[in-house]
Amino acid sequence: MSSARFGGPPRGDDLQRDAGKSAHAVEHRAAAGQRVLTPQILTLAAVVVLGAIMTILDVTIVNVGLATLGREFQTSIATIQWVPTVYLLAFASVIPLTGWASERFGARPLWLVSLAGFMLGSLLAGLSWSIGALIAFRVLQGLAGGMIMPLGQTILAQAAGPQRMGRVMSIVGVPLLLAPIFGPVIGGAIIGAASWRWMFFINLPVGGLALLLAARLLPVVPRRPGKRLDTRGLVLLCGGTAIFVYGLAEIGQQGTLAGALPPSLLLAGLALVALFVWHALRTPDPLIDVRLFTQRGFATAATTNLALGVALFGVALLLPLYFQIVRGASPLQTGLLMIPQGLGAASTITLAGSLTDKLGARRVVPVGVLLALAGTAAYTQIGAHTAYWYLAAALFLIGAGLGATITPSMAAAFQHLAHPAVPQATSAINVVQRVAGSLGTALLAVVLQTAISAQLPGLHGGIGQAAALAAIQPAQTTARLAGAFATTFWVAFALTAAALPAALLLPGPPQQPPPRHDPTRARPPQPVAGSLRAAPPRQPQQKEHT
């Protein structure tokens, strides 16, 4: 019993106990303060989200406008697919550079320059006078926009600290959740109310506001130059991917593999990627550390992301074209019809994340793949007059599968990695996702154009020509066009199914730490861990006298 309680002088153990309590209270208040999302952190997160949301919304906004762009420039599906494809390719090419560039030039100035470059690309894309000019300016948009999100994550991570990392990064994930819901509606409303040019001009006022706020609020992150850029790896990887995708587009333009050019381009692209792998295995600091793919968890997660990305990004191209060409929907109606996909993703992404922590990605991701397969299989049966409730339900399933696969498989990729490997792994996974998107868009565009040409021999993939023919001769044309889309969805179904074997090989639940051994059952009581000074050992040879 404490002597201080009865008015006596405090004993040594009382002082130790009180000091321990005080130290514990100070540490508790400090930890609680580190966990609080302060107004400064929230404001900083809002600025980063404002800048990043444009780069992500841009993909879904432009997809809704592809049919309009095809009619405006009188071009084919194989050509118009380059508008989203080159954006994703350029976007992916700069992601591995972000870490090196932020250390060399500083994250804050680089973020401001990237945002300004994205705005310049948006302005020029809106002023485009030909399909070639539009594609070129989309490259500029992608090169600038690819760094905005990872740089913003770097700035936030350093400002927030580890105690607030989870909640801050969940705020940054808002654009990924909102883009599939609002992007198509915004794109459709812009085209219906104004012009296709405003799909790009809309980025200027939003970007201008983000630029002004960022110039005042973004903190300065110290530069740490030192590591050299792997320029050889950059040329090999980006060049190989671009040449391969260009070969796919040429197959769509010619409608056959008989020519010498398309197969040569495909083989050259694959050869350059193989050379990059050979180079990366022999370089101390490669652009992407391919040794990560020797680890089962990371390799299976990357394979799952690749297969699903190819399939689901391709589906995002197909659906707006089906609604506008076959069903005659306006851009705004198309945007509204795409909402179920975003709702499906929103309904599963949080639940899938919590289940992954408890059960492991191996039990969660295959279920998501099966949901996506069910939705894609429904679209293989579409016709010219399929009920809209059927289309909406199938699209909801595709979105639910997307929400239950991408994030859990990314979590599995980092589950067994050492902390120093995380930055390289982040770059590698992001590159895999963007390259998958560009490959999926190009591949399914080629398949669709070939299927349309097979159904309507006089039609060579021209979007305006197909829409006009469907409006003039609906009885003879719409059913055949719907058949071409159904055939293409079978390819998307096969690509989605290819993700299932890799999903079944994902890691199980995270290993729990071993239970702590109770020392009181094995040996005599020890001194209190929080005491300021250990008690002296008892002397058994001495006896107490009363």
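User: How do helix 7 and helix 8 sit against each other, and at what angle do they cross?
Analyst: In this predicted model, the axes of helix 7 and helix 8 come within 8 Å and cross at roughly 165°. That makes helix 7 roughly antiparallel to helix 8. Angles over 145 degrees count as roughly antiparallel, under 35 as roughly parallel, 65 to 115 as roughly perpendicular, and the rest as oblique.

User: What is an axis here?
Analyst: An axis is a line fitted to C-alpha atoms, for helices over the stretch in contact, and angles run from 0 to 180 degrees between N-to-C directions. Helices are DSSP runs (H or I, at least four residues), numbered from the N terminus; strands are E runs of at least two.

User: Which hand does the crossing of helix 7 and helix 8 have?
Analyst: Helix 7 passes helix 8 in a left-handed crossing. Left-handed means that the near helix is turned anticlockwise from the far one by less than a right angle; clockwise would be right-handed.

User: What about helix 7 and helix 13? How close do their axes come?
Analyst: The axes of helix 7 and helix 13 (residues 203-217) come within 10 Å, and they cross at roughly 165°. Helix 7 and helix 13 are therefore roughly antiparallel to each other. Their crossing is left-handed.

User: Before I go on, how are residues numbered, and what does the model leave out?
Analyst: Residues are numbered from 1 along each chain as its sequence is written, and side-chain values use heavy atoms, with hydrogens and water left out. Because the model is predicted, local features need pLDDT of at least 70 and side-chain atom pairs count only at pLDDT 80 or more, while totals for chains, interfaces and linings use all residues.

User: Back to helix 7. Where is L123, and is it buried, partly exposed or exposed?
Analyst: L123 is in helix 7, which covers residues 107-126. At 33% relative accessibility, L123 counts as partly exposed. Buried means under 20% relative accessible area, exposed over 50%, and partly exposed in between (1.4 Å probe, protein chains only).

User: Which residues make a nonpolar surface patch?
Analyst: L120, L123 and L127 make a nonpolar surface patch of about 250 Å². Patch residues have over 30% relative accessible area and no salt bridge; nonpolar side chains (Val, Leu, Ile, Met, Phe, Trp, Tyr) are joined within 5 Å, like charges within 9 Å. Areas come from the Shrake-Rupley method with a 1.4 Å probe, and for residues only the protein chains shown count as cover.

User: New topic. How many salt bridges are there?
Analyst: The count comes to one salt bridge. The rule asks for a side-chain nitrogen of Lys or Arg within 4 Å of a carboxyl oxygen of Asp or Glu. The side chains of R138 and D58 meet in a salt bridge, at 2.3 Å from N to O. The pair links distant parts of the chain, 80 residues apart: R138 is in helix 8 (residues 131-145) and D58 is in helix 2 (residues 39-64).

User: Are R138 and D58 buried or exposed?
Analyst: Both R138 and D58 are buried.

User: How many residues of helix 3 are buried?
Analyst: Six of the eight residues of helix 3 are buried, so helix 3 is largely enclosed by the rest of the structure. They are L66, A67, T68, L69, G70 and F73.

User: What comes just after helix 3?
Analyst: Q74 does, with a positive phi of about 50°. Q74 is a residue other than glycine. Q74 lies in the loop between helix 3 (66-73) and helix 4 (77-80). Q74 is exposed, with a relative accessible area of 65%.

User: And which residue has a positive phi just after helix 6?
Analyst: G106 takes a positive phi of about 95° there. The buried residues of helix 6 (residues 97-105) are L97, T98, W100, A101 and S102.

User: Last one. How far is R434 from N305?
Analyst: Their C-alpha atoms are separated by 9.9 Å, although R434 and N305 are 129 residues apart along the chain. R434 is in helix 22 (residues 422-455). R434 is buried, with a relative accessible area of 18%.

User: What about T478 and G383?
Analyst: The C-alpha atoms of T478 and G383 are separated by 8.3 Å, and the two are 95 residues apart along the chain. T478 is in helix 24 (residues 474-497). At 10% relative accessibility, T478 counts as buried.
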